[in-house]
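I opened this model to look up a few places one by one. My notes follow in the order I took them.

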Amino acid sequence: MRTPARDGTAYEVVVGVGVLRDAGMLVRDALGPGGERAARALLVHDDALPRGQVDATAEALGAARLDAVACPVRASEEGKSFATVERIVQAAAAGRLERAEPVVALGGGVVGDAAGFAAACYRRGVPVVQCPTTLLSMVDASVGGKTGVNVLVGDSLKKNMAGAFHQPVLVLCDVAALGSLPAREVRSGLAECVKHAMIGADFGDAGLWGFTRSAIDGVLGLDAATLVELVSRNVAVKAACVAGDERETLATGAPHGGRMALNAGHTVGHAVETLPGLSHGEPPVRGLSHGEAVGLGLLAEARLAVTLGLLDAQAADDLRDLLRCAGLPVAVRGLPESSRVVALMGDDKKVAGGRLRLSLPARGNRCVLVEDPPRDALAAAIDSLRER
Ligand SMILES: NC(=O)c1ccc[n+]([C@@H]2O[C@H](COP(=O)([O-])OP(=O)(O)OC[C@H]3O[C@@H](n4cnc5c(N)ncnc54)[C@H](O)[C@@H]3O)[C@@H](O)[C@H]2O)c1
């Protein structure tokens, strides 16, 4: 499928089984006539990937006369930093990468965001190819051109505080890569799919909610056909949202808030993700992954939407059931006072003029931008996440 970008260019998102085997040919095509003389590619890869997968991708690039210079990266939020971007830029310079030669990011959202940012900076911008290897990065992070790093301010890690918009020239979603992904990470990716399903009607796929509900078992069992359809439909929703608002400037111009719509679940989600001392499940799992936090954020924000009359109570219950079905937490232990969570939400990048802005799920699988919701309703929605 082709995804339009602001500068009039478009890039291909290829979804399938084994598509990384054709990476060389596909990258060559994506580089176009300007890339004919490209002889190298910087392969920035997650160091937790099976060795065979990294080697196979390097070989596929080599088969198209693109010598792969490997740059392994440890995927962690602490490591998604300027230091890692500098290391990637140094590897590109040491490998004498020229301006037409691509950075190929093979990994989850951490690797994709850091490698994409390095590609935006190196020689003031070289092409980047995103090859996501987690469900989350396939359905979300690899598409849309947001790249960046976290920044430590005092003792607090500010997520995605620095970055650049740098659209990929190509995205390769090989669902076979998910074979080695830990089950918890597959479930995390499903949370972003649930988010897209909740807002799908605004972006061309009103049936995504029903499909997602029916696809859970197939996804958790890594059924290839189910994964290909899930990833393709989610990429289409994300691409439609981004195409109308590539730089997230529409916030007040569209009822659903343009690209801000993708923030559904994330305002509460980002706040709870950073809290220490949370646990969930039996036996207890300590801390929350990004997707787990987004699932909880969606649930709290859906309940807030019910209180504000934007959503029916049954829809919030359906969401809770779907999250449970996907093996995602619907309540946590150790949640502090809701006022502390609200204070953390004030750190959100989407805060404007001190006003909190939330993209809330609404009736008909749509979403609505709400500014400064009543604090007691917000507090009650956050409190509803407390395990009883
Ligand atoms: N740019 C965007 O638009 C955008 C959108 C959503 C999220 N993000 C960012 O994406 C990041 C989260 O991405 P993520 O969930 O992919 O996390 P991640 O990159 O940290 O990967 C999760 C874990 O899975 C491992 N892993 C990755 N692929 C694997 C594979 N195939 N087999 C085995 N292990 C594998 C990693 O080593 C890591 O331990 C966050 O930093 C978030 O801010 C960016």
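Predicted model: local features only at pLDDT ≥ 70, side-chain atom pairs only at ≥ 80, totals over all residues.

Entry 1: I began with Leu-208. I count Leu-208 as buried because 25 C-beta neighbours fall inside 10 Å, and the cut-off for buried is 20 or more. Leu-208 belongs to helix α7, residues 208-220. I then listed the contacts of Leu-208, leaving out residues up to four places away in sequence: His-196, Ala-197, Gly-200, Arg-233 and Val-237. Leu-208 and Arg-233 are 25 residues apart in sequence, yet their C-alpha atoms are 7.5 Å apart in space.

**Entry 2: strand β6.** Next I went to β6, residues 128-132, and found five of its five residues buried. Which residues cover each face of β6? I find Val-128, Gln-130 and Pro-132 on one side, with Val-129 and Cys-131 on the other, all buried. In a regular strand the side chains alternate between the two faces of the sheet.

Strand β5 (residues 103-107) pairs with β6 in the parallel sense over five bridges. Val-103 stands opposite Val-128 there. The chain gets from β5 to β6 through helix α4 (residues 109-121), and I note this β-α-β crossover as right-handed. Strand β9 (residues 170-174) is also parallel to β6, joined by two bridges. In that pairing I see Val-129 opposite Leu-170.

**Entry 3: α12 against α13.** How do the axes of these two helices cross? I read roughly 110° for α12 (residues 338-345) and α13 (residues 375-383), with the axes coming within 9 Å. The range of 65 to 115 degrees counts as roughly perpendicular, so I file α12 and α13 as roughly perpendicular to each other. From α12, Ser-338, Ser-339, Val-341 and Val-342 meet Arg-375, Leu-378, Ala-379, Ile-382 and Asp-383 of α13. I sort the residues of this contact into five nonpolar, two polar and two charged.

Entry 4: I found a cis peptide bond between Glu-282 and Pro-283, with omega about -5°. Pro-283 sits in the loop between β10 (279-280) and β11 (285-286).

Arg-124 is not a glycine, but I read a positive phi of about 60°. Arg-124 is in the loop between α4 and β6. Is Arg-124 buried or exposed? I call Arg-124 exposed because 7 C-beta neighbours lie inside 10 Å.

Asp-372, also not a glycine, has a positive phi of about 40°. I place Asp-372 in the loop between β13 (366-371) and α13. Asp-372 is exposed, with 11 other C-beta atoms within 10 Å.

Methods:
Residues numbered from 1 in each chain as written. Helix = DSSP H or I, 4+ residues; strand = E, 2+ residues; numbered from the N terminus. Buried ≥ 20, exposed ≤ 12 C-beta atoms within 10 Å, placed from the backbone. Contact = placed C-beta atoms within 7 Å. Pairing = 2+ DSSP bridges. Right-handed = clockwise from strand over helix to strand, strands pointing away. Axes fitted to C-alpha atoms, helices over the stretch in contact; angles between N-to-C directions. Parallel < 35°, antiparallel > 145°, perpendicular 65-115°, else oblique. Nonpolar A, V, L, I, M, F, W, Y, C, P; charged D, E, K, R; others polar.
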